[in-house]
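Subject: A structure for you to look at

Hi there,

Here is the structure I promised to pass on to you. Please open it beside this email and find each residue as you read.

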Amino acid sequence: MTQPTQPGPDPGPGRPGPQPGAPPARTQATQPEEADKLRELLRSPGYLKTLVFCGLLGIPVSLAAFWFLSGLHALENWVWEDFPHAFGYDTAPWWWPLPMLLVAGVCVGLIVSHFPGAGGHIPAAGLHAGGPGAAALPGVVLAAVFSLPLGAVLGPEAPLIAMGGGLALAFRHLTGSLETPQSAVLLGAAGAAAAVATIFGNPAVAAVLLMEMAGVGGPRLFAVILPALLSSGIGSLVFTGFGRWTGLEVGGLSLKSGPPDGAHVPLDAGDVVWSVVIAVVLALCIHLIQYGGRLAAVRVVRRPVPVTTLCALAAGVCAAVYALTTDRSPADVASSGQATLAQLVADPHAWSVGALLAVLLWKGIGYALCLGSLRGGPIFPALFLGAAAGVLLAPLPGLGVTAGIAAGMAAAVTSAMRLPVSGVVLVILVLGSSAMIPVVILAAVVAFVTTELLPDGPAVPLMETAKPPAVRA
């Protein structure tokens, strides 16, 4: 039996009463309560102790991440430059990826089968914020070492996140506090953010990425942030202008010592229109790539060593065919794309239409194969594929090269991560300019919505992680 509703206080003259559909009065009343809870949390010794510990934790985690990345970079240079020179080649020959990725597939398959933690998360399953635990760290590091320098079409961000979170969980006993699931999530996210900030070179990107990955706010956050992102991007056009419309002047907060930002790259109406088309097309393409990666991952889980070896070797074949047909380096395909992206953006006219089509095709196939088999992250290959697509489509009427690259990278990386805010922040950081912010936001939102409306494909099952051998009495 329902209780009778008690009449509320008279709102008084001039104050309207509750309207139909308005939020309940207790929603407004809870705001001071939430503020009190926050103050109480900040005053608690346990939280302050954890906060200080997380700050100090950034020192060893960042140092470990730095040496990890330095080691990967040195190994990559040795494999693709020094080693070919030792055999008398000026550059890596077309067949070079075949033995390299064959070794990568065999070694990663053995690590997945015999090491605790299975070498880390399968890239096709997406990024994960949680740390794998101290016992899984050797497998994570080894799988990354045998994947990335030898030619995996993946980036280092996922191993960095796993390593940072794992180190944080390994050190959590130093806090002397009770170990709870909440504290594990907090420390894991803090360690992962400290580690991944080294690769992006910006702590803001790492913080935003980890917040979205951890699901802070849940689905309701995306439901709120998408309209906000879209309206802010379109609203910025009113003030920045495009084409011959110069926009409106406002007293913004900015400190500039040089020419107006992006003055050499005027935004046109065609850039805005084509960015929507590019976003939809790239969202569909990245979805197909991830779908293929999930299919490969399902088979890798069943038979890790043989299927991982075949997938890695097939990725090597993609790089070899690309080198044979274009007379370019196979490293354009067999790599994360981080170094090649800088070359592409610096001199996009050095790439012919045939080379762009070839790198999109073969790197896309290799990306799908590596997503389901080897170990690494999905961000950098997606950035490169998006930039290459933007350069390829730049001759479209009204679309410039800069706008094409910006829209392509935003759409591809957002579709790969399914994290729209992180995608926007990351692409703006990579571009180093705010001139294309409206295009980046529009492409990211459209790509995210398109990707979410598509079916996910087969679910990636969890790997049966190996357990440490029992100690005999």
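Below is what I found, going from the whole chain down to single residues.

First, some ground rules. This is a predicted model, in which local features need pLDDT of at least 70 and side-chain atom pairs count only at pLDDT 80 or more, while totals for chains, interfaces and linings use all residues. Residues are numbered from 1 along each chain as its sequence is written, and side-chain values use heavy atoms, with hydrogens and water left out.

**The whole chain**

The protein chain has 16 helices and zero strands. Here helices (H or I, at least four residues) and strands (E, at least two) are DSSP runs, numbered from the N terminus. Of the 473 residues, 45% are buried, where buried means under 20% relative accessible area, exposed over 50%, and partly exposed in between (1.4 Å probe, protein chains only). Among contacts (heavy atoms within 4.5 Å) with a separation of 6 or more, 79% are between residues 24 or more positions apart.

**The core**

The largest nonpolar core contains 117 residues. Such a core is a set of buried Ala, Val, Leu, Ile, Met, Phe, Trp, Tyr and Cys residues joined through side-chain atoms within 4.5 Å. Phe-200, Tyr-367 and Leu-383 have the most contacts inside this core. Helix H14 (residues 401-417) gives the most to the core, with eleven residues.

How many residues of H16 are buried? The count is 13 of the 17, so H16 is largely enclosed by the rest of the structure. H16 covers residues 437-453 and reaches 24 Å from its first C-alpha to its last, close to the expected 24 Å. The expected span of a helix is 1.5 Å times one less than its number of residues.

H5 has 14 residues and reaches 20 Å, close to the 20 Å expected. Twelve of its 14 residues are buried, so H5 too is largely enclosed by the rest of the structure. Among the buried residues of H5 are Glu-157, Pro-159 and Leu-169.

**Cavities and a pocket**

There are two cavities of 30 Å³ or more. On a 1 Å grid over the protein atoms alone, a cavity is a set of points where a 1.4 Å probe fits but cannot get out; a pocket is an open set with protein on both sides within 12 Å along at least five of seven lines; and lining residues have an atom within 4 Å of a point. Grid points are joined across faces, edges and corners, and a volume is the space filled by probe spheres set on the points.

The largest cavity has a volume of about 150 Å³. Its lining has 16 residues, of which His-121, Ala-158, Pro-159, Ala-162 and Gly-376 lie nearest its centre. Helix H5 (residues 157-170) supplies the largest share of that lining, four residues.

The second largest pocket has a volume of about 680 Å³ and is lined by 28 residues. Nearest its centre are His-73, Glu-76, Asn-77, Ser-335 and Ala-339. H2 gives the most to this lining, with eight residues.

- Leu-69 lies in helix H2 and is buried, with a relative accessible area of 17%. Leu-69 and Thr-198 are 129 residues apart along the chain, yet their C-alpha atoms are separated by 8.4 Å.
- Thr-308 lies in helix H10. Thr-308 is buried, with a relative accessible area of 0%. Leaving aside neighbours within four places in sequence, its contacts include Gly-105, Val-108 and Ser-373.
- Thr-326 also lies in helix H10 (residues 304-326). Its side chain reaches the backbone oxygen of Tyr-322 at 2.6 Å.
- Arg-418 sits in the loop between H14 and helix H15 (420-431). A polar contact of 2.9 Å joins the side chains of Arg-418 and Asp-456. A polar contact is a pair of N or O atoms within 3.5 Å; within protein, one must be able to donate a hydrogen and the other to accept it, and residues adjacent in sequence count only if both atoms are side-chain atoms.

Enjoy exploring!
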